[in-house]
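Hi,

Here is the structure I promised to pass on. Have a look at it first, then read my notes below.

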Amino acid sequence: MQQIALLVAVPLLGAFLLPSLARVHLLLARWGVPLLLLGLLLWTVPLLQQVESGAVAIAIGHFAAPLGISFYVDQLALWLVILLLAVTLLIWPVFKSKVHQQSLLLILIGSACGIILSGDIFNIYVFYELLSVASFGLVVERRSGAAYAATLRYLVVSSVGTVLALAGIALIYNATGTLNLADLARLESSDWDRTKAIAAFTLLILGFGVKAELFPLNQWVPEVYGAASSRIAALMAGVISKVALLIIIRLVVLLFPYPEVHQLLMVLAIAGVLFGELAAWQSRDFTRLLAYSSMGQLGLVFMALAIPGEAGVLAAVALALHHLLIKPALFLLAESWGRSLSQLRGLWYTQPLKVALFILLILSLLGVPPLPGFWAKWLLLSGLASLDGSLAAMALAVVAVATVVEVSYLFNLVRILVDEREQTVQDVPLTLPHSRVTGVLLSLAALILVAASFNIAAVGQHLQQIVQQAGDRQHYIAVVKPEIKP
Amino acid sequence: MMVLDQLIIIALLTLLPAAVAGRTRTGAWVATGFYALQLYLLIQMAGVGSGYMVASSVMPIVVWQQTIELQMSAIGWFFAVITVGSALAASCFASGSWGEHYRQRGNSLGAFHTALALNVAAMLLLLSAADILMLFIGWELVSWAGFLLMFLGGRAAREAALHYLTYAIAGAMAIFVAVALIYSHVGQFGFEAVLSSVTRWSLAQQLVVIGLLGFGFLIKMGIMPFHLWQAAAYAEAPGPGAAFLGAISARMGLFALMVMVVQVVSLTPLIKTELVTGLFSLRDGLLWMAALTIILPTYTALKQNDARWLLAWHGIGQGGYMLLGILLADSMGSAGGILHIFNYATYQLLLFLAVTAVVFRAGTANLNQLGGLVTRMPLSFLAMLVGIIGLAGIPPMNGFVSKWLIYRSLITEGMPLLFVATVIGTLGTILSVYKLIHNTFLGQLRAEHHEIREVPISMWLPMMLLAAVVFITGFMPGLALEWVAGVQVAVGLKPITYTLGGVETINGSLNMIFVVSVLFFGFGVGALLFYSGNRSHRVNQLDNYAGGHFLTSETRYHYSADFYAGLMHLIGGWYRGSFLWFERGVVMTLSLFSNGAALFYRSIHPSLYLLATAVLVLYMVV
């Protein structure tokens, strides 16, 4: 456990060594990355057992909390690392990518692990910047005009965001004199000016919300996912957004458990769900449809996070994990389906398996029982229903309306997929590239879903246990044991 | 293992032969056998049906520290018998030649049988719900299974199914929200816990929950103004599937309404809320919604030229009678409403199967292109005849009994205007069912239909059995009224006093055995006169002449197109399509908002928003 920093160090080191290794032998570079990721994955999985009873804090180089760099490892963090590594391993095209992309990917992984494990806002900020830079490089990979334009836009939003986040961090440091999360968690609400706290939180989510696709910072999403390769889109929508989400979860749980913060999140989430789903409704392009739908789904996650207490975190984590499983699989489909919807007519007759799996995945996304998506949505709705006030009532209504809109556009797509093609002269039979790997990965996602819906009680219990650990502020403080009171 | 467990397991097991071998004749017959087995198990549970016991499952499912149990009371049993019986008839009908024909036209017969089995299993789960969570899960499963069955038709069917799905999910989400609200107040799922807690709520809370639940349930029932999806979705489904959906699917809404609103929340808040003080309560509003649902869709049915669409529109109208009866909530009216569910299911199934038989042989359900089939398909004619007498509510068929109970209750409860409304609806029904049987079976046989034969036994047998049920429960309504009284006890209404021949109360009595005997005595006298006369001479319908010319089958001497031209001249102007117009308006508003949202994401200066927010925040700090 003490070597947990390897999760950050090894990929970063690998990223710098990779170009040199590629000069020695190309095969070395090609196989190096997946093997490295696999090694890390196998090394991380057994660690889960060690944090089951309680989280572990690690001071890098034995420098204690406020001065040294501290890592905080709980079940949620480890699970996210495992999922990050596993999803990357599964969807990364080993044989198609160039060396510099592999390097960028490793930087992305290393910095994401850094964000997940850091127990210090400033470190999180540094890793977040690193992650942003790596993602710019990955997104622009196709080098088309659209890719450049989209990336530029993404770069502008992202860098303005990070500057604002830095301002927020400065504000916190100015008010409290520390940036360690455990230190900050010890602050009572009377210890610092509420207005300042809210301002700091706003600035922070303006920065970190960019990658978590928080409204209105998600403006870059449709263009970037449309222009980047679908595997990058899968990685960003599926996993990287959840990494950014973890930052916001930590902020809300540890630093800002205030009603104003929940209210702010709720307002943004309601707008996010509405805008995302409504925009998806008019979308006539498969990739963009997925991008908009992804924003709507993350809106639901933020809506859950806006519910105070553990119930909110539980719903948010459940929704996020569910989304993490499904969205990458759907984006993989975009590799061959990524085009205008009307061109997908009659695909059922050539690729029945993929269409069937697609339907299963979207059924879970819509929350049809007994699939896991239903239980995640149930957690959200029962959490919202227990709140008083018009904002919660509005959120309930918005969830309901958004689901109807979602069902309408997703099943309109299904209708197009199974529609017979008219046999006219200019209508050539539809032959889309057929990737076997995609089929296998889709089946894997569907299999996990079905298995989970059969064991929903066990899954739910485990999830609850994870969230209990992550949602417990006192536990965080007790584990890190900071010595100096700010 | 309890009988209920066996029933659920068998219902789930039916999926196996249906999915694996449904495309073959054997597989289809095995699935049909499974429905027969389910019906047998239900008959074993007959004690549940009379309302004096409850069947429980011994396989509790634990989720989120809550135990979900299955439990079937009299109301669930009543609906379950109709469901399984309808599935048995539809599956039997589809297992023989119809299936072969369906498959030869390039459809997937296996998918059809799977969808049917899925519908039945989902409905049984819903019907044995003992808590709100299971009720919702069952509800969603029923909605999606129904969608699958509708989706299997052609392009028009898929369009209609999508239309249905949007409505169904809107309803389901309203119910989901209501379930979440109830759970957040009660902390438990069980009906009993909800029942004991709900009485302590404020009127506003009760109304919110009733409103959300009612919205969802009324959509499923197709009560106006939420009825637009239903006709197309049911009519365009594959023949026996349409029969099954038409007979029972929409009634799931009524089941849920009776369980959740009548039994759990009770109708009191609706009666207490007065829209016009002392004159017009919320319940009266709902009663008028039901009455309008009887009238308008029935007259829409009158205009249809496709037999399937005509029946489907009638299905919506008939749902109005049931809701009307149940909302009356006195023992006679609610008995009428509940009995109408059963009666309607039997004759609607019969009618849809008869129409499907005609489509099977003649290739079309277009009422302008049929006629004279009575000589070629006498059994199907008999089936349709029995069915339309039932649908029109004329003795001696069962439809008369339930309608009589509702009329009687409307009069004794002092609602003469509603009574007039239902009579107007019945008039429309009689007119349009006459059009149905006339344009299909009577009149001139078309040249292209000369070679048509009667349908095979796998198709006419279920029709004849259903016709027998329609007649027998009309002759001896007491058989079905026993179950109805059980349902009334289960949902906490006052049970009706019934006899084998009908009802006997101080508010009025009906003895169908007597009525039918008199009727048949009249028929007997007529037959006596007929057969005591000279021998009749049977001639071919073309053995005739007009204007000095002999007729051939190429000469049309009898037209059925534009059937009620005179009537339409009078009332045609009333058909405005206002609901369609309204629906289009909603969709256009949505697309306006949708384009607005997309515009937001297309705008060029995203960072402006960030800066604006930043300035705002900095202003707050300084």
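Predicted model: local features only at pLDDT ≥ 70, side-chain atom pairs only at ≥ 80, totals over all residues.

**Where chain A and chain B meet**

The contact draws on 61 residues from chain A and 50 residues from chain B. Together the two chains bury about 5000 Å², and 78% of that is on carbon and sulfur atoms.

There are some charged links too: the count between the chains is 3 salt bridges. In a salt bridge with an N to O distance of 2.8 Å, the side chain of B:Arg155 meets that of A:Asp419. Polar contacts across the interface come to 9 residue pairs.

Which parts of chain B supply at least two residues each to the side that touches chain A? They are β2 (61-63), α8 (132-151), α9 (155-186), α26 (578-602) and α27 (606-621). The largest share comes from α9(B), with 16 residues. Sorted by type, the residues on this side of chain B are 36 nonpolar, 9 polar and 5 charged.

Next, find the open sheet of 3 strands in chain B, which is antiparallel and runs in the order β7-β8-β9. β7 (498-499) and β9 (508-511) each have a single partner strand, so one side of each has no neighbour in the sheet. Between β7(B) and β8 (residues 502-505) of chain B there are 2 bridges, and B:Thr499 sits opposite B:Gly502 of β8(B).

Finally, helix α20 (residues 398-412) of chain B lies across β8 and β9 of that chain, at about 175° to β9(B).

Cheers

Methods. Residues numbered from 1 in each chain as written. Chains lettered and ligands numbered in written order. Heavy atoms only, no water. Contact = heavy atoms within 4.5 Å. Buried area = accessible area lost by both parts, 1.4 Å probe. Salt bridge = Lys/Arg side-chain N within 4 Å of Asp/Glu carboxyl O. Polar contact = N/O pair within 3.5 Å; in protein donor to acceptor, adjacent residues only side chain to side chain. Helix = DSSP H or I, 4+ residues; strand = E, 2+ residues; numbered from the N terminus. Nonpolar A, V, L, I, M, F, W, Y, C, P; charged D, E, K, R; others polar. Pairing = 2+ DSSP bridges. Axes fitted to C-alpha atoms, helices over the stretch in contact; angles between N-to-C directions.
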